[in-house]
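Here is a short report on one protein chain. Look over the sequence and the model first, then read on.

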Amino acid sequence: MSMAQDKMVSALSEQEIEEIEAEISHLPNRQAAAIDALKIVQGHRGWISDESLGAIANLLQMSTAELDGIATFYSLIFRQPVGEKVVMVCDSVSCFLMDGETVSKSIKEKLGIDFGETTSDGKYTLLPVTCLGDCDHAPAMMIGDEEHHDLKPETVGKLFDDASKRSGDDAS
Ligand code: FES
């Protein structure tokens, strides 16, 4: 391995490398682990920096541009820093028809941010996403890894108060 390659790989922790190698071991080639590898590193760091992207590409023996293309295509991989929790609000047709736009407006007012922004306390990043697969209970959103559906503009704000209380409990 060259010194440059050494430096790239050291941008990943030993644990991350171990987890990625474990994925690779079930797959026909190293490149097939691209999305899993991105998810593993995002799971540890919250998002994928240019440095991490380069190191993962190096580990998978593919070009950074190729891996960046995959990361950009896959909307759940974040290429910029995000808040502690990412709030993903569905903006696809069923949610739209069930007053999703008014729900989004209430969420934006509650958090004081627009789509693509992070609250000043670093708690939440708000993003629109395509269908979450919960159309029969539209409108739907995710707060971190919790799904919420049948949202109502007048009560959606309370979900964030509840989520904050739970994080407070976790921390105690
Ligand atoms: S359209 Fe929103 S969950 Fe499917």
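This is a predicted model: local features need pLDDT of at least 70, side-chain atom pairs count only at pLDDT 80 or more; totals for chains, interfaces and linings use all residues.

## An exposed loop residue

Gln61 has 9 C-beta neighbours inside 10 Å, so it counts as exposed.

Residues are numbered from 1 along each chain as its sequence is written.

## Other backbone features

Asp99 is another residue other than glycine with a positive phi, near 75 degrees. It lies in the loop between helix H6 (93-97) and H7. Asp99 has 15 C-beta neighbours inside 10 Å and therefore counts as partly exposed.

The peptide bond from Ala138 to Pro139 is cis, with omega near -5 degrees. Pro139 is in the loop between S2 and S3. Most residues other than glycine have a negative phi, and most peptide bonds are trans.

## Overall layout

The protein chain has 8 helices and 4 strands. Both are DSSP runs numbered from the N terminus: helices are H or I with at least four residues, strands E with at least two. The order along the sequence is α-α-α-α-α-β-α-α-β-β-β-α. Buried residues make up 26% of the 172 residues.

The largest nonpolar core has 18 residues. (Such a core is a set of buried Ala, Val, Leu, Ile, Met, Phe, Trp, Tyr and Cys residues joined through C-beta atoms within 7 Å.) Strand S1 (85-90), helix H7 (100-111), strand S2 (124-129) and strand S3 (141-143) each give two or more residues to this core. S1 supplies the largest share, 5 residues.

A second, separate core holds 17 residues, including Ile20, Val41, Ala57 and Leu60.

## A helix pair

The axes of helix H2 (residues 14-24) and helix H3 (residues 34-45) come within 9 Å and cross at roughly 155 degrees. Axes are lines fitted to C-alpha atoms over the stretch in contact, with angles from 0 to 180 degrees between N-to-C directions. H2 and H3 are therefore roughly antiparallel, a term for angles over 145 degrees.

Key
A residue is buried if 20 or more other C-beta atoms lie within 10 Å of its own, exposed if 12 or fewer, and partly exposed in between; C-beta atoms are placed from the backbone. Angles under 35 degrees count as roughly parallel, over 145 as roughly antiparallel, 65 to 115 as roughly perpendicular and the rest as oblique.
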